[in-house]
Amino acid sequence: MIERWGKAQPGREAWHRLEFHCLDVAAVLAEAFEAAPDLLTNLAALLGLEPETARRLLLTVLAVHDVGKVAGAFQHLRPDVAEALGVSARGLKPYDRRGAGHDLMGFVLLRHLWRGGMAGLDPATRPERRQFNQVAPVLAAATGHHGVQPETTAPVLSDFTNWISPADIDAAAALVTAMAGVFQWSGPLPEEGLSKRASYVLNGLFTVCDWLGSTDAFAYRADPMEPADYFETIARPTAKRLLRNLGLAKLSRADVAPAAPFADLFAHLGPSLSPTPLQEACDRLFRPETLPEGPLLVILEDAPGAGKTEAGDLVIHRLMAGGKASGFYCGLPTTATADGAYGRKRPVVERMFETIPSFVLAHGRRHLNDGFRPVATRAAVEAGEGDAQAWFVHGGKRALLSAAGVGTVDQALLGALRTRHGPVRLWGLWRKALLVDEVHAYDDYMLGALKSLLHHQAARGESVILMSATLPSRIRAALVEAFGTGAGWPDVTARTEALDRRGFPLLGLHHGGASAEHALPLRRPGRAVRVEPVHDITEAVTQVTDWAEAGRCVVWFRNTVDDAMEAHARVGTLLHAAGLPEPILFHARFLPEDRAAIEGRVLRHFGKESGPEDRRGRVLIATQVAEQSLDLDADEFLSDLAPADAVLQRLGRRRRHVRDAGGARLTVAAEDARPDSPALLLMPPLSAAEGEARAGSGERSPWYGRLFPRAAGIYPDDARLWRGALHLTRPDTIPDRVAEGPWLVPEVDARPLLESVYAETDTLLAQVPDALHARHTATEGDHTAKRQMAGRNTLAFRDGLLKDWTEGALLAVSPDEDRLPTRLSDSYPVALAWRDGSGAGAPVLAAGAEAALDLSCISLPWRLDPAPEDAAAVEAMAATLPEPTRRRLRFVPVIVLSPDGSGGWTGTAAREGRAVTVRYDPARGLRVEARGR
């Protein structure tokens, strides 16, 4: 026996022998192999080994994952147990988790033992010292199970004599020999390149096995027992029961249903449902029996309302039915869009699988979604144990392990970042179809992380589906290149150069054999719209009011929250005087419960099913939160000038469905009957850009900022804004235009319009006034910096996780660092609390509840600091909260507000050192004003 403990908790007498814990963890994987033979087959193929050889190697390696715990310094974290076992700490320093953690020491010990000949192994089959490089990535994947890989330049074992003794080294050798004996492993080894390729997902798999093997399901045992006997009689039966009760018998893989016809898969949408051209093409092209070999990259581009969601679901289903995936994850740009998608996909998921799998919502605020509640598996219910989805939900790292999931794209992108436990997410995506929606919404930094993730997925043989209203061809080419490079296509450059730069709608199917892009007919004939400029805010307010007085249903998209509030106040005054309902204000600075209520009102008055009384004279003033994923249908439309792709997305909320002449009722007619009227674009005059250059190449041009001083910081590229405004209001200026006439046809004009707006710098600057050049150049510099930062923060997925972890990084990842950012936008959370008559503070919502902080938080683009005199109230509030929430409060400023007598709250805070007044009410959201107003 190896006289070392492996698990022991402070204040708990019981302890667990090290070899038993190692066997517990290995038993989890062994039982997963038994329950899911394809798991072993796929891992063996990844390593280039026969399945039985791979099984023995992986179980042995996993069984020595904690070999570093033999160190005397570690053992004396529980000196009572260490002394009982006779482990000496004489001359050793206290355990140093950062400098000499058991994960790093484990890797160094294994390297030392391997190069020393691995005492105890049959000399005839003993691996040679030079073969260490072949297995090093796999060993590092096991010892790095705490989320941080050992450094590639790890010191030699002699450098650890402050924490480890010769007796400890002998114990390590004994443990390795014992584990190799249990699993009868003695070689051969995978090729070095294959070992590196597999290391990313293996680290995630090994980590999950360690988490499960460390649960209370495995009772502590201190009494000696032969390792092989313990493994067979105790560890394996326990692991089998644990995996069954958690619904993890196949490590989250579920039984996939056979391919279903389109009408059956979406039967819940009604018997009259007929597929759109995009959906018909997916139904025709994605048949399980005709799917190409190897990983597929599918790109779906179509107009808003064309059924991309159902088309993506259909592709996922056919990929799974064809054996190219055993689950899926859908990533969306925001928590709000993820919440909506989660609810819509539930009925589809039930038809995709033979038995309902764990279906998880994955984002940081999922516990606030009333539609998501963890549900126990049938086996768990029958056994009176476990809560399957609760296991997936505990910690964001586990969410992607579920067989089916919907969430923010950030949850997947974290796997590509050099962040702690990122490979757990990569393991969660293994053998799954990854769908990424709204790809056009991502900036350069996020696109950099996405390209890295696509490279990894393709290299591991996984398929990816990308969806967008319209992608500029240079972005589409970059994504195809990233995927093709990962898949090893020899002709990637030729393919990207041959991509269709004019077709729309477009279904792209890229695989090892070829790239094919299918131009599709429109869902319905392109609807021409006059986009007319408005140059004055007063004129815009008047036009919105006139439309409402005529009984029309109106939406006005504004670019900032403060601009939206200002418009809401001005329009509201005029509507009140006319006896019309108050406009609805919809933006991101509402408390979660209030935002959900407002979104419900928006859908009631502007959604597809809204009726005459719901719509008449209604006005919605919204920011970017209403741009995507909400099925809105306004009669009349006004938007602040924004990037052209955003304006096109917003136009998708104008006359989205076919209605009668009054816009009140849906009809089955071929064309919308609402009378012609212009869509208005609030923008500076195009001619105002002439001759407005300022000194200093980085100084903001006044062209856009003069009309939109607040939005100029959000949309800084005046050149692309000017070019977009020109094409939107004068479509005849769009190069290579297919549509004819002076009106914009968004479904047809989108592709050539965006190709022109997002042309390379030299081409763009030749087509815009000189006054706009400097700001564009400065903006491009910022984009370059974002791309470079993405390159520093993401894994390269070329040389294996062990090398990739540190050699490409400028900053090391510490054991305490949970994540790098998935997006670079400035966002500062603030929690709101209210003061009652006694002077005590309490969260605005759900005082004392675990979700209190999340329910009380709003994100702002700048930081607010609490008033010093409110410290006592905040301390009293914190006392009502659970300990984990109190810890989080250290990083979230709390602003204490008092009732203002009109249903809202008012308080004080500081912004950039200056005192401000903070106001909140459920209808307008959070406002910050200079003191004295």
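This is a predicted model: local features need pLDDT of at least 70, side-chain atom pairs count only at pLDDT 80 or more; totals for chains, interfaces and linings use all residues.

Trainee: What makes the backbone of F797 worth a remark?
Mentor: F797 has a positive phi of about 55° although it is not a glycine. Most residues other than glycine have a negative phi.

Trainee: Which other residue has a positive phi without being a glycine, and how do you know whether H421 is buried or exposed?
Mentor: H421 has a phi near 65°, which is positive in a residue other than glycine. H421 lies in the loop between helix 18 (409–413) and helix 19 (422–429). The relative accessibility of H421 is 7%, and the limit for buried is under 20%, so H421 counts as buried.

Trainee: What is the peptide bond from F504 to P505 called, and what is its omega?
Mentor: That bond is cis, with omega near -5°, and P505 is found in the loop between helix 22 (492–497) and strand 9 (506–510). Most peptide bonds are trans.

Trainee: What separates A174 from I2 in sequence and in space, and which residues does E19 touch?
Mentor: A174 and I2 are 172 residues apart in sequence, with 6.8 Å from C-alpha to C-alpha. E19 touches M1, I2, R4, L175 and M179, leaving aside residues up to four places away in sequence. E19 and M225 are 206 residues apart in sequence and 9.9 Å apart in space, again from C-alpha to C-alpha.

Trainee: What makes the pair T733 and H727 a polar contact?
Mentor: The side chains of T733 and H727 are joined at 2.9 Å, and a polar contact needs N or O atoms within 3.5 Å, one able to donate a hydrogen and the other to accept it, so the pair qualifies. T733 sits in the loop between helix 29 (718–729) and helix 30 (746–757), and T733 touches L726 and H727 when residues up to four places away in sequence are not counted.

Trainee: Why is strand 24 described as largely enclosed?
Mentor: In strand 24 (residues 925–930), 5 of the 6 residues are buried, so the strand is largely enclosed by the rest of the structure.

Trainee: How do you know that strand 23 and strand 24 pair?
Mentor: Strand 23 (residues 914–921) is joined to strand 24 by 6 bridges, and pairing asks for at least two, so these strands pair. The two strands run antiparallel, a hairpin joins strand 23 to strand 24 through 3 residues, and Y920 stands opposite L926 in strand 24.

Trainee: Which residues touch the most other members of the largest nonpolar core?
Mentor: They are L29, L43, L58, L202, F206, F231 and W427, in a core of 96 residues. Helix 1 (residues 18–35) gives the most to this core, with 12 residues. Another core lies apart from it, with 90 residues, among them A540, V619, L632 and V916.

Trainee: Finally, how many disulfides does the structure hold, and why is C553 called buried?
Mentor: The structure holds 0 disulfides. C553 has 0% relative accessibility, which is under 20%, so C553 counts as buried; C330, at 1% relative accessibility, counts as buried by that cut-off too. For the protein chain, buried residues make up 57% of the 933 residues.

Note on methods. Residues are numbered from 1 along each chain as its sequence is written. Side-chain values use heavy atoms; hydrogens and water are left out. Buried means under 20% relative accessible area, exposed over 50%, partly exposed in between (1.4 Å probe, protein chains only). Helices (H or I, at least four residues) and strands (E, at least two) are DSSP runs, numbered from the N terminus. Contact means heavy atoms within 4.5 Å. A nonpolar core is a set of buried Ala, Val, Leu, Ile, Met, Phe, Trp, Tyr and Cys residues joined through side-chain atoms within 4.5 Å. A disulfide is a pair of cysteine sulfur atoms within 2.5 Å.
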